[in-house]
Amino acid sequence: MAALFNTVPRHEPRLMLAEPMLSMRGISKSFGEVKAVIDVDVTVYPGEVLGIVGESGSGKSTLLRMMNLEDTPEAGSYHLSLPDQEERNLFTLDRFERRMLRARHIGIVYQNPHLGLLMGHTSSGNVAERLLIAGNRNFADLRSRARESLQASEFPLERIDARPRELSGGMQQRVQLAKAIALEPAVLLLDEPTTGLDVSVQALVLDTLKRLQQERAITMVLVSHDLGVIRTMADRVMVMRRGRVVEQGLADQIFQDPQHEYTQQLVHAKL
Amino acid sequence: MTLKDLTKPWAAFNYGFLDESAKRELRRKMLKAVAVPGYQVPYASREVPMARGWGTGGLQATLTLLKPTSVVKVIDQGADDSVNAVSIRKFFARVGGAVETEDTQKATIIQSRHRIPEEKLREDQILVLQVPDPEPLRAVQPDMSIAREMHGDADYGQLWLVLYEQLVKSGRIIQGSSYPSMVNGRYVISPSPIPRWDVKKLHQADHLTILSAGREKRIYAVPPYTNVEPLVFDDVPYRVEDHQDKTCYRSNVTGFFMNELPQDDGSSRHELSDSHFGVKQIRRNEGEAVEIAKTWYNNGRMD
């Protein structure tokens, strides 16, 4: 894994001067009595990887679900920097617009591949479905783009017509990834993408993610409870606890010099 | 005043077998189905003296449309003379006083399963199709309530996905019947188990088509002059069965949908699937002055 940091040239330093690609303001969400997310702001800049760390129940997955427009908060706004959507709070979109926006501009990789894949359909078909929803009706084009996308996620091409249920966990994650990046999304959401994989496969999948990120400068939001994963991937880190952001900053800063008590515990527990 | 004065005189059954409230419901549901082409309207499927799955949906629709001047034709797999077709037709005559016919042109109501007649239907005719499974999404989404949401969202990507995988696996689309088709650019329907050959006949047709599923309790319609487009890829054209150059061994007619009859020597012969159309052709060949209407397909082509 050490080699990958040298093979591909790093992009220009990603300064926070650009227009944010994703911005959420004042997000609050509760489930009955439980306040899952309390007044959270998220900003992600183009080409950057934002890591969100926190223990179970800290609200990180709920936040990601809202970024994927699967859920609506009680309060808050959500903007993506897209040519036609810049002014709109995405939470005000109707069901149909949400679905189209999700299909075209948001990619997601779930921890559980059953959520993201049609297990009974072929792997290439799973990728093609994304393109079909976006309106592509050309068989040859669907076929070649599905293949390209699977190739980009380093999926073995001789198995592109195998069903995900016949594949290993790591492969299933690669199919999910291929599906997510098939339409070059504005933002790629990763919900514990490598949890549940063994360490060597985890390293390979992270390797692919890293390479993709560097080649295509995809904007990513990575949710994980695994600090190792966050440290490998993220440029910036947000630490969440009990629905609030307790600390955020550059990855090195968070890991080397954690300020908040909880972050300190977290970092030291890991190291 | 006695109770007897207030009630209707006793009769063995109501006109058209179904009671008036049932027919009223069905008429309202049919109107709704016509107003929203391709949308599956739920209805309370009644008991009829026939087992579910044998055409009870079509039967109820036809009974509702029936009037004493109706002329009814019933088709089963293209034939007018199968047991099922004959008994349904006789039933209409008995409970509604309808005239029975085998002639597509003379009929006002045509109830059918598996086929649409080869002769073009007119504006004053109604085609009632019996549907075993009205849900085109059944194969990809077993949960009916989610399937209904998908219809609401026009979320039909997975239907194309099924076709995509057929192309990947077999090199061609192998969906033989119930070919999913987009009605009026909005709802995808399963056009009942008619062959691909017949799906094109629904597009911009002169007649009204009512599709009714008795067991599944759903009714939907293709109104006259409505677009019905089979789902296809831009680069893979829709293809009907290869019956263009098959010749019927009884009537010597070529270019229509055929039944294949396997022979003892391993070869096969073909006969016209639309049986009365075949009868008319034979009678014409024998010199009788038989009137045959325009057909949808000419020389095996439709355009």
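How many residue pairs are in polar contact across the interface of chain B and chain A? The rule finds 11 (both residues at pLDDT 80 or more), a polar contact being a pair of N or O atoms within 3.5 Å, where within protein one must be able to donate a hydrogen and the other to accept it, and residues adjacent in sequence count only if both atoms are side-chain atoms. On the chain B side, α6(B) gives the largest share, 9 residues. By class, that side has 10 nonpolar, 2 polar and 6 charged residues (Ala, Val, Leu, Ile, Met, Phe, Trp, Tyr, Cys and Pro count as nonpolar, Asp, Glu, Lys and Arg as charged, the others, Gly among them, as polar).

A word on ground rules: this is a predicted model, with local features needing pLDDT of at least 70, side-chain atom pairs pLDDT 80 or more, and totals for chains, interfaces and linings using all residues. Residues are numbered from 1 along each chain as written, chains are lettered from A in the order written, and side-chain values use heavy atoms, without hydrogens and water.

There are also 3 salt bridges across the interface (a side-chain nitrogen of Lys or Arg within 4 Å of a carboxyl oxygen of Asp or Glu). One of them joins R95(A) to D153(B), with the closest N and O atoms 2.7 Å apart.

Now for the sheet in chain A: it is open, with 6 strands in the order β5-β6-β7-β3-β8-β9 and mixed pairing (strands pair if DSSP finds at least two bridges between them; strands are DSSP runs of E, at least two residues, numbered from the N terminus, and helices are runs of H or I, at least four). β5(A) and β9(A) stand at the edges with a single partner each, so one side of each lacks a neighbour in the sheet.
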